[in-house]
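The sequence and the structure are shown first, and the description follows.

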Amino acid sequence: EMSRIYDKDGNEIAKLGSEKREKVTYDELPEVLVDAIIATEDSRFFQHNGFDAPRFLKAFVGQVTGNSNAGGASTLTMQVVKNSFTDKFGKKTSGKSGIIRKFKDIYLAVFKLEKDYSKQEIIEYYVNNHFLGGNTYGVQEASLAYFGKDVSELNLSESAILAGMFKSPNAYKPTTNPKNAAARRQTVLKRS
């Protein structure tokens, strides 16, 4: 989290740090945002144990047959593992090292995160830790940056924009790519 500097009267005068981030709890998230994220990122999140075998098989077969629209195999829990532990710096991995990393993601998702944390805690970590364009991390900072309001005040349309940004934050950033953001919002709304 950022360091905050206050004046003698307790008013915040500056935020310091390389990443703009303000954590929120699961209870502060609007239901429409949670629903939009689940619908777009991992529709069976509340049913699986961190690994979604049918989704994994579909993505694997699609990639082997050359279908670039087959989707990803990572669950939301696996994305938390990848973004926080196995690929923190966003390095592209392919071949043998990519396969090894993917199995590490599966193992840590199933036998660590899902065993030690509730689904709500995993969502909380996901929305607070994710890069969302520019120098913005987490849904609270993104909500303030793009809509000028707390995340708890987001409506369905704004929630769909934020949920869509998880796929490619800068490509769907509403302030610099409004057409892309609007198109992605429509995709999210159709899935929700």
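Are Glu114 and Lys119 buried or exposed? Both Glu114 and Lys119 are buried, where buried means under 20% relative accessible area, exposed means over 50%, and partly exposed lies in between (1.4 Å probe, protein chains only).

## Basis of the description

This is a predicted model, in which local features need pLDDT of at least 70 and side-chain atom pairs count only at pLDDT 80 or more, while totals for chains, interfaces and linings use all residues. Residues are numbered from 1 along each chain as its sequence is written, and side-chain values use heavy atoms, with hydrogens and water left out.

## Overall architecture

The protein contains eight helices and four strands; helices (H or I, at least four residues) and strands (E, at least two) are DSSP runs, numbered from the N terminus. Along the sequence, these elements follow the pattern β-β-β-α-α-α-α-α-β-α-α-α. Of the 192 residues in the protein, 41% are buried. Among contacts (heavy atoms within 4.5 Å) between residues at least 6 apart in sequence, 58% join residues at least 24 apart.

Strands β1 (residues 3-6) and β2 (residues 12-16) pair in the antiparallel sense over four bridges; two strands pair if DSSP finds at least two bridges between them. Ser3 stands opposite Leu16, and Arg4 stands opposite Lys15. The two strands form a hairpin with five residues between them, and Gly10 in the turn has a positive phi of about 85°.

## The nonpolar core

The largest nonpolar core has 37 residues, and those with the most contacts inside it are Leu29, Leu33, Ile37, Val127, Val139 and Leu162. Such a core is a set of buried Ala, Val, Leu, Ile, Met, Phe, Trp, Tyr and Cys residues joined through side-chain atoms within 4.5 Å. Helices α1 (31-41), α2 (53-64), α3 (76-86), α4 (95-116), α5 (119-129), α6 (139-147) and α7 (156-165) each supply at least two residues of this core. Beyond its neighbours within four places in sequence, Ile37 is in contact with Asp42, Leu76, Tyr126, Val127, Ala163 and Phe166.

## Helix α7 and its surroundings

Helix α7 is largely enclosed by the rest of the structure, because eight of its 10 residues are buried. These buried residues are Glu158, Ser159, Ala160, Ile161, Leu162, Ala163, Gly164 and Met165, and they pack against α1, α6 and α8.

Asp35, in helix α1, is partly exposed, with a relative accessible area of 41%. Asp35 and Ala163 are 128 residues apart in sequence, whereas their C-alpha atoms are 9.1 Å apart in space.

## Charged residues

The whole structure has five salt bridges, a salt bridge being a side-chain nitrogen of Lys or Arg within 4 Å of a carboxyl oxygen of Asp or Glu. One of them joins Glu114 and Lys119 (3.0 Å, N to O). Another joins Lys149 and Glu158 (3.0 Å, N to O); Lys149 is partly exposed at 22% relative accessible area, whereas Glu158 counts as buried at 14%. A further salt bridge links Arg44 and Asp52 (3.1 Å, N to O). Arg44 is partly exposed at 35% relative accessibility, and Asp52 is buried at 4%.

Arg184, in helix α8 (residues 178-191), is buried yet has no salt bridge, and the nearest side chain of opposite charge, Glu41, is 4.4 Å away. For charge, Lys and Arg count as positive and Asp and Glu as negative; His and the chain ends are not counted. Apart from neighbours within four places in sequence, Arg184 is in contact with Thr40, Glu41, Gly164, Lys167, Tyr172 and Arg191.

## Two buried loop residues

Asp42 is found in the loop between α1 and α2 and counts as buried at 1% relative accessibility. Its side chain reaches the backbone nitrogen of Leu76 at 2.8 Å. Not counting residues up to four places away in sequence, Asp42 touches Ile37, His48, Asp52, Arg55, Thr75 and Leu76.

Ala73 lies in the loop between α2 and α3 and is buried, with a relative accessible area of 11%. Leaving aside neighbours within four places in sequence, Ala73 is in contact with Arg55, Phe56, Ala59 and Met78.

Note on methods
Polar contact = N/O pair within 3.5 Å; in protein donor to acceptor, adjacent residues only side chain to side chain.
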